[in-house]
Amino acid sequence: MDVSDLRREYMLAGLDERHLPPEPIAQFRAWLAEAVAADPLDPTAMTLATADAAGRPSARVLLLKGYDERGFVFFTNYGSRKARELAANAHAAMVFHWPAFDRQVRIEGVVEKTSRAESAAYFATRPLPSQLSAWASRQSEPAGGRAELEAAQAQAGERFAGGEVPVPDFWGGAGRRRLDRRAVAALKARAARPRTSRERTPRPMSASPRLPVAVVGSCIMDFCVSVPRLPRLGENVIASGLRVAHGGKGANQAVALARLGAAPRLIASVGDDDFGRSFRTMLRDEGVGVDLVGTSTVPTGIGVPMILGGGENAIVVALGAAMSLRPEAVGAARREIAAASALLLQLEVPLDSAITAMAIARGAGVEVFLNAAPIVEGAEAACRAADVLVVNETEAEALAGGGIGDGVESALRASADLHRLGPPVVVVTLGERGAVWSAGAGLGTARGAVWSGGVRRCETERGGFVPGFRVAAVDPTGAGDAFCAGLVWSRIHGVAWRPAVELANACGALAATAVGAMTALPDRAAAEALVASGERWSAAGR
Ligand SMILES: Cc1cc2nc3c(=O)[nH]c(=O)nc-3n(C[C@H](O)[C@H](O)[C@H](O)COP(=O)(O)O)c2cc1C
C-alpha cells in the first residue's frame, strides 16, 4: 500500500468567524456534543503531548474526564512517564481530532494536579475492575506479562474484598490544567477545486447530528378563536373562527427545536384522555422524545387564544395536567437532563419541578435557558438558576418590579438590570421589532485574552438590539416559543449571541405568519433564508 495514495477532500462544514462564541469553552462544548452524537466511539479521546526536562517530547492517547472554564481534566498514574515528565516540565499540549467533521481542537497550557478530593470523587465512579487495575498496574513500566498483571489485579481484589476500593496515592487527578486560555480550533479549508463525479460526495451540512435538548414544560390543547374584540364583563362575543390545535409552551418549544434539527426530549405531564394521547402521537411524529411524558389523573390542560384582527392576541389558559409534573418525575429524568446539550424550560409547570430540573442541569454543566413565561409567584427563584433568561417586555416589567418604559433603549436598560436576578445572559423580546440581549460583565471580560494572538476576530459586544423581520403576521401565538427554540439551537451549535438572536428573531417572525402556535414553526432552512434575505424592522419604516 502506498500511503500517499490515501487521500480525501476536506469539504465538510466551513468555519464562519461570525458564528464563533466569544468563549472558546462554549465552542468546545458545542463541538464535543456534536462529536458525541456523530460517533459514540471515544469522542473524548485526545492526544496529550508532554516533554521531559531536556525538552524531549512524548505523546499518548488519553480520555478527557472533565472540563470547564478553568481547564481540561484527565486521570492517570502519577508514576507514569507522562506524570514524571509533567513533574519536571508542567507545559503540555492536547489535541482532539473529530474526523467526522474534519475538526481538531488544540489546547496548550500548564498542568496541575487535581485535589485529592476531586481524584477520589472520580475514582469512586469507576467500575470495580478499573479501580483494581489502577492498584495493580505500574503504568509506563515494562510488565512481566499478562499473568503477572492478572495476579496483581487479583491480589488487589482480595485486599479490598467486600469494601470500597480507595483511590491509590500514586493515581489520580492528573491535571486540572490552568490554561493560558488559548484554545485554537482549526478546520481544514474547503477544497477550492470543483469535484468530479468520481470523487466522494461530502456529507451535507444538514447531516450534522441532532443534538439532544431537554425541554421541561406544558402540553396544552388550544382552542383558537378569532374575535372582533375581547369580551367585556358579562358579554358574549361570537367568534368568527375556531381551530383546535396542540399547544402549550413546552410542546411548542420542543416541536420548534425538532423542526430546526435538534433532538428534543419533553419532560411533561398530560391527562389520561384523548388530548393526552393525541399529544404523544403528534410529538412523536414531529421527532420529539416522549418517553418522559407522564400521565396524570388531572385532564390535559386547555388554552383559549383569542385572536384579534391585526395579529394581536389574548389567551386564557387552564394548565390542568401540566401542573401535575412533580419534582420526583423530573428527578427520574436526571440522566437525560445531564446528557443534554441544553435545558429549556418555561413556567407553565410547578416551580419546584422547574427548579429541580435546573439544579440537575447546572450540576451536570448543562446550560439552562429559562423562558420565564408566564410570570408566576416566585419566578425570581427560577431566574437565579438560569444561565440565559428569555422574557418579553411584559415579563421583563414584572421581573423588574415596575415599568421599564417603551422602546429599544428602555428594553436594553431592562435587560442589563435583570442580571441582578442572577442570569449571566438576558434576552428581552420586542415582538415585531426584534429583541435585545445583554451578556453580564462576567462573560465579557475574558474575551480579549481568549482570542488573542491574532487567531481570529471575535465578537466584542456584550449586548445590543437585533432588529426583527418584516413578515405578514397573522397570529403571534407561538412566536415566543419559536424564538426560544431558535436561540437554543443556535447556542448549542456554538453560534455567537448576535447571530443567535437574529436566527431566533427569524423563527419568531415566521411562526407568526399563520394561525395557531405550531402551524408555522419554521425549519432551519426557512429561518436561515429569512436571515439571509429578509427585510429588517426599522423604526423609520413602520
Ligand atoms: C483510547 C485510549 C484511552 C486511554 N485513556 C487513558 C487515560 O485516560 N489515562 C491514562 O493514564 N492512560 C490512558 N490510556 C493509555 C495511554 O495512552 C498510555 O498508554 C498510558 O497512560 C501510559 O502513558 P505514558 O507512559 O506516556 O505515561 C488510553 C489509551 C487509549 C488507546
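Strands here are DSSP runs of E, at least two residues long, numbered from the N terminus. Keep that in mind for the numbering. And one caution: this is a predicted model.

Let's start with the ligand. Which strand gives the largest share of the shell around it? Strand 2, with four residues. Strand 2 covers 57-63. Strand 4, at 71-77, and helix 2, at 81-88, each supply at least two shell residues as well.

Now the names. The ligand is surrounded by Asp42, Arg60, Val61, Leu62, Leu63, Phe75, Thr76, Ser80, Arg81, Lys82, Gln139 and Ser140. By type, the shell divides into four nonpolar, four polar and four charged residues.

Arg60 places a polar side-chain atom 2.6 Å from an oxygen atom of the ligand. Val61 uses the backbone: a polar atom there is 2.6 Å from a ligand oxygen. At Arg81, a polar backbone atom is 3.2 Å from an oxygen of the ligand. On its own, the ligand has 620 Å² of accessible area, and the protein covers 64% of that.

On to strand 11, residues 263-271. Buried or exposed? Seven of its nine residues are buried, so strand 11 is largely enclosed by the rest of the structure.

What pairs with it? Strand 8, residues 212-216, runs parallel to strand 11 over five bridges. One of the partner pairs is Pro212 with Ala263. Strand 12, residues 293-296, also pairs with strand 11 in the parallel sense, over four bridges. There, Gly271 partners Ser296. Between strand 11 and strand 12 the chain passes through helix 7, residues 274-286. That β-α-β crossover is right-handed.

Terms used
Residues are numbered from 1 along each chain as its sequence is written. This is a predicted model: local features need pLDDT of at least 70, side-chain atom pairs count only at pLDDT 80 or more; totals for chains, interfaces and linings use all residues. Side-chain values use heavy atoms; hydrogens and water are left out. Buried means under 20% relative accessible area, exposed over 50%, partly exposed in between (1.4 Å probe, protein chains only). Two strands pair if DSSP finds at least two bridges between them. A crossover is right-handed if, with the strands pointing away from the viewer, the path from the first strand over the helix to the second runs clockwise. A residue is near a molecule or strand if one of its heavy atoms lies within 4 Å of it. A polar contact is a pair of N or O atoms within 3.5 Å; within protein, one must be able to donate a hydrogen and the other to accept it, and residues adjacent in sequence count only if both atoms are side-chain atoms. Accessible areas come from the Shrake-Rupley method with a 1.4 Å probe; for residues, only the protein chains shown count as cover. Ala, Val, Leu, Ile, Met, Phe, Trp, Tyr, Cys and Pro count as nonpolar, Asp, Glu, Lys and Arg as charged, and the others, Gly among them, as polar.
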